[in-house]
Structures are given as structure tokens and as C-alpha cells.
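I am opening my notebook on this chain, and I mean to write down what I look up, one topic at a time.

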Amino acid sequence: IVKRQIYADALLRHGDASLQRNQYERAQTSYQKVIQNNLPGADYALYQRGIVFGVQGKHVDKLMALENLVSRHPRSNYTPDALLNIGITYQSMNRPNEARQNLLKLVNDYKNSPLVNQAYIQLGLIAFNMGRSEEALNYYKQVFANNPASSEARDALKNIEEIYVEEGNPE
């Protein structure tokens, strides 16, 4: 068991070092070995694979790795990060429904995550872009309910002001 943990740690560290040196294929190989052998840290390896694919511009592969993490390791500390990344990636691919679905999973299933406000900001942006200003306002207001002093709250306030200005509302 100890050898297995040491081997997994060595692979993960090798993957991280390779990633830092922009050696993406080497990083992928190390992370993949952890995943294939179901070694400790497989959830982290899946997350990192997704990040590497994203850096390489391989958005479909990124989504597959991150969605695999969410389905295989729903209790992982990396799952909320994966859901946020999935949502943002789908948004960048102009697939708002898939983005919305993953962001809603984050805010509903991981209420205590520090990423919830970022998800609400993204949900507000999606709603606004779909012409649903009232829904967008509700998402932005959720940011204030969670943490009114956060940097996301400042972003939400700017977005609320933008909606009111665009709609000609003097409030």
C-alpha cells in the first residue's frame, strides 16, 4: 500500500513538474498512469488532465476529462472546480444550455463551495445573453446573499447596473 501511494505521488509530481515546464504530453502521460491504475489522487489527475487539454486548446478532451471526474468522484474537492470549468468551457463554445446545467449543479449540490458566487456570475451572464434580464438579475442578487463583500459582488453590481442602463431603468 505504501509503495502504491509513493508511486502515485511520484507520478503526480512528475505530471505537475512537466506541466510547469509546458511539457504537456509528458504531464498527460503521468496523469493518465494514475487514472488507469486507479491510484490515490486519480481525481486530481483527472482534473489536471482537463486543465492540460484546455491549455492545449483541446476543449472536447478537456470536457471529457472533467465530466469523467464529476461522474467518478462526485465527492472530490476538485469536483466544484471541474463543474465551474465545464460551465465556462461550454459557454466559450456557445453552448449555453450545457454551461447552465453544470453551473446549476455546482450551486445546488456544492452550496458551501467558495466557487458558488463565480457560478452565479456565469449563470447571470448566460441568462442576460439569452435575453432573460430578470433571471440574470436574480442570479446576480444571489451573489450578495452569499457574500456581499466578495470581489464577485462587485462584478455582480456592475452587471446589474449594465442591465438597468440597457433597459433604461433609472434605479
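**Entry 1: the whole chain**

How much accessible surface does the chain have, and what share of that surface belongs to carbon and sulfur atoms? Before answering I note that I am working with a predicted model. I find an accessible surface of about 9,600 Å² for the chain, and carbon and sulfur atoms account for 48% of that surface.

Next I looked up the secondary structure, where I count nine helices and zero strands, so that I simply write the order along the sequence as α-α-α-α-α-α-α-α-α. Of the 171 residues in the chain, 44% are buried. I also looked at contacts between residues at least 6 apart in sequence, and 44% of these join residues at least 24 apart. Lastly I checked the charges: there are 19 positive and 18 negative ones, and their mean positions lie 13 Å apart.

**Entry 2: helix α8**

I then turned to α8, which runs over residues 133-146 and has 14 residues. From its first C-alpha to its last, α8 reaches 20 Å, close to the 20 Å expected at 1.5 Å a residue.

Which residues of α8 are buried? I list Ser133, Ala136, Leu137, Tyr139, Tyr140 and Val143. They lie on the same side of α8, because they cover an arc of only 160 degrees around the axis. On the face turned away from the buried side of α8 I find the exposed residues Glu134 and Ala145. What covers the buried residues of α8 includes α6 (96-109), α7 (116-129) and α9 (151-166).

Leaving aside neighbours within four places in sequence, I find Gln48 in contact with Asp16, Leu19 and Tyr31.

Leu39 sits in the loop between α2 (24-36) and α3, and with 6% relative accessibility Leu39 is buried as well. What does Leu39 touch, if I do not count residues up to four places away in sequence? The residues are Arg4, Tyr7, Ala8, Leu11, Lys33 and Val34. I also looked up the separation between Leu39 and Ile6, which are 33 residues apart along the chain, and their C-alpha atoms are separated by 9.9 Å.

**Entry 3: two loop residues with positive phi**

Asn22, which is not a glycine, has a positive phi of about 60 degrees, and I place Asn22 in the loop between α1 (2-20) and α2. The relative accessible area of Asn22 is 52%, and because exposed means over 50%, Asn22 is exposed.

Asn94 is found in the loop between α5 (79-92) and α6, and its phi is near 60 degrees, again a positive value in a residue other than glycine.

Definitions and conventions
Residues numbered from 1 in each chain as written. Predicted model: local features only at pLDDT ≥ 70, side-chain atom pairs only at ≥ 80, totals over all residues. Heavy atoms only, no water. Helix = DSSP H or I, 4+ residues; strand = E, 2+ residues; numbered from the N terminus. Expected span 1.5 Å × (residues − 1). Buried < 20%, exposed > 50% of the residue type's maximum accessible area, 1.4 Å probe, protein only. Arc of directions from axis to C-beta. Contact = heavy atoms within 4.5 Å. Areas by Shrake-Rupley, 256 points an atom, 1.4 Å probe, with all protein chains shown as cover. Lys, Arg positive; Asp, Glu negative; His and termini not counted. Charge placed at Lys NZ, Arg CZ, Asp CG, Glu CD.
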